[in-house]
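Welcome! Take a look at it, and then we will go through it topic by topic.

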Amino acid sequence: MSILSCPLPRPATDRILLAHGGGGRLTNQLIEDIFLPAFSNPALNGRHDGALLAIGGARLAMTTDTYVVQPLVFPGGTIGDLAVNGTVNDLAMCGAQAIALSAGFVLEEGLAMETLRHVVESMRDAALVADVPIVTGDTKVVDKGKGDGIFINTTGVGVIVAPNTIGPESIRAGDVVLVSGDLGAHGIAILSVRQGLEFEGPVCSDTASLWPAVEALLDAGIEIHCLRDLTRGGLSSALNELASINGFRITLDEALIPVSEIVRGACELLGLDPLYVANEGRFAVFLSEKDADRALTILRSISVSEGATQIGMVYDRDHASQRPGIVTLQSRIGGNRVLDMMSGEQLPRIC
Amino acid sequence: MKFLDEYRDYDSVQRMAQEIRRMTTRPWTIMEVCGGQTYTIVKSGLQELLPSLITLVHGPGCPVCVTPVAMIDRAVATALLPQVILCSFGDMLRVPGSNQSLLDAKSLGADVRIVYSPLDALQLARSNPGREVVFFAVGFETTAPANAMAVWQATREQLSNFSMLVSHVLVPPAMEAVLASPDCQVQAFLAAGHACMVTGYEEYFSISQEFGVPIVVTGFEPLDLLEGVLMLVVQLERGHAGVENQYTRAVQKVGNLKAQARVAEVFKVTDRAWRGIGEIPSSGLRLRDTYRAMDAETKFGLQLEDAEESAECIAGLVLQGLRRPYDCPAFGTRCTPDTPLGAPMVSSEGACAAYFHFGRRKDHVDSLVSLTATSH
């Protein structure tokens, strides 16, 4: 054993790892190295939650998402709820109201019909609440062992209601950052079922359609600069992605970021950081500071965003730093640190 | 949250930091031994609250970081055996061996599972009688009792399909190794509170005396760490070198005697190689001969060559507090959490990963310090 015992450098991974689907750095690498070069076009290159399309006189948004969550049914929802709400929300983040969804199913041989029925009914209910029809679909069945019960893909088309462009390019220095409610509930709800953990109270997924909150802001004439739902990779990965697009510094105040006691407790126990945990019914809003109070009042009057609060600000590019775009966080005790994008999967610590 | 928020309270923390600034007149270098403490320090930006005269250096107390490459290679080789379910704590999975990590093995089809307790692995062994369940037992004194308990329980139940790949290490010999290094700059220790919860801290009196260093058994929250620093500074400024306990809400001088008895029954002290540091005498635990049937190395006849080492990674120096992570030319470029050259870049308790995630890069430190200065 020599004094320095570290392994030789590893080449960049030559196989797909689970972390490539985690929404963090490796997912971004996959998009940048494989998908963008192959498919490059203006609508895709915007890298927004959905593609913005101008067809005739209409301004449309289109998005697609695939759902592979296990377990299929969890506290607060099912894979079906996620499949509807997730796609409706991706459209909402473009300032678009969903007008139609498709649903593609990959079913595993042997799946209980009752489970499928339950999932489909929850999709129907979620679509009713979101007021969007599921207008076309597809079904494939794979051999037992080749799937995981049910995979669902949904694609959505929406009409852009927002008068201005909502997207990363509209973020300005001086903007405030709001979040629509407490973070981390979805990820912890899933984990609690997977790991068989029980907490003092129930942790339910926050899965919900975010359109009512976005619509209320637009109806009130609030000029929204950017919206982002805080799904895989959580708040931290979403803000890092946005900061890096324009090279801004986003600063957050840890004491202002809402996390429920149960989620905080679960994260402490499991060695996870709630700022990286997935949400399915939470989003961040960027807008001018002058609109912040009015926007918060409106958001708090809508049930899906009643816990809305301001958590940070956007500042000009930090020229001293070589890093293109950075998110910093003032900790509860008053120290500052960088809030990084998630690397790999969040893995629990040993002690 | 009760029992946590009190120790992260802004006003209490600021008052404690103020007291440290008042007491400090000379430069002092203090090592926090445990990776969990490093994590809190870097995550909460605690160093910025301390006077510039105090330097915190990060110690070898990250179990993932000090597990030798050869042991990870053994875990990977075991995981790739078709009949095996390999169970491990989560952050062990990404640590690179000489060719592969356990996550790589998983992507090749190995059945690798994350567990939160060795008793979960026991449960897997009970419910999969046709499979071999191997638990990768890594860690310090903190995790040893639960691992000993799992072995003891498996023996009692005659679970012949359960075994352990043991790579346990002990804290005090590592502290002595750091102090014995001719380049040692460490003048005082924040000792690892959770390890002391099991072992107590009687062992530390002789270390403190022999090397003339103050040692304070310290907890893991920001206020704990600042109080620990204050207790050390008071001793250092007065020229004292004694052992004190800051973490009184969890640690007793004699420790947890029942846990110690179970550990002593199942494990015996052995020499062990530490990744980045080398072999330290009497610094680890292995299964006693009575429990040899549960030793995965014997059971699966694992014999692997020692791994090739990289000259570029300075993990050994980082783990001994002789260098900062950003002193490494590969830091943040060739070595990142996605492409780690060394283990400290993997575990969240590893100093390199903590620096990487929380932005303590050379070009960031100045701007973060100025942020903190302007906000107070």
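How many residues of domain 1 of chain A are in contact with residues of domain 2 of chain A, and how many in domain 2 do they touch? In this predicted model, 20 residues of domain 1 of chain A are in contact with 22 residues of domain 2 of chain A.

**The chain as a whole**
- Chain A contains 9 helices and 14 strands.
- With 351 residues, the globule rule gives 20 Å, and the radius of gyration of chain A is 20 Å, so chain A is as compact as a globular protein of that length.
- Along the principal axes, the C-alpha atoms of chain A fill a box of roughly 65 × 60 × 50 Å.

**Inside the fold**
- Of the 351 residues in chain A, 49% are buried.
- Among contacts in chain A with a separation of 6 or more, 83% join residues 24 or more positions apart.

**Two domains**
- Chain A is divided into domain 1, covering 51–160, and domain 2, covering 168–338.
- Their C-alpha centres lie 24 Å apart.

**Where the domains touch**
- On the side of domain 1 of chain A that touches domain 2 of chain A, helix 3 (79–92), strand 5 (96–108) and helix 4 (113–130) each supply at least two residues.
- Helix 3 of chain A gives the largest share of that side, 8 residues.
- Sorted by class, this side of domain 1 of chain A has 11 nonpolar, 7 polar and 2 charged residues.

Conventions. Residues numbered from 1 in each chain as written. Chains lettered and ligands numbered in written order. Predicted model: local features only at pLDDT ≥ 70, side-chain atom pairs only at ≥ 80, totals over all residues. Helix = DSSP H or I, 4+ residues; strand = E, 2+ residues; numbered from the N terminus. Rg over C-alpha atoms; globule rule 2.2 N^0.38 Å. Buried ≥ 20, exposed ≤ 12 C-beta atoms within 10 Å, placed from the backbone. Contact = placed C-beta atoms within 7 Å. Domains from an automatic or database assignment. Nonpolar A, V, L, I, M, F, W, Y, C, P; charged D, E, K, R; others polar.
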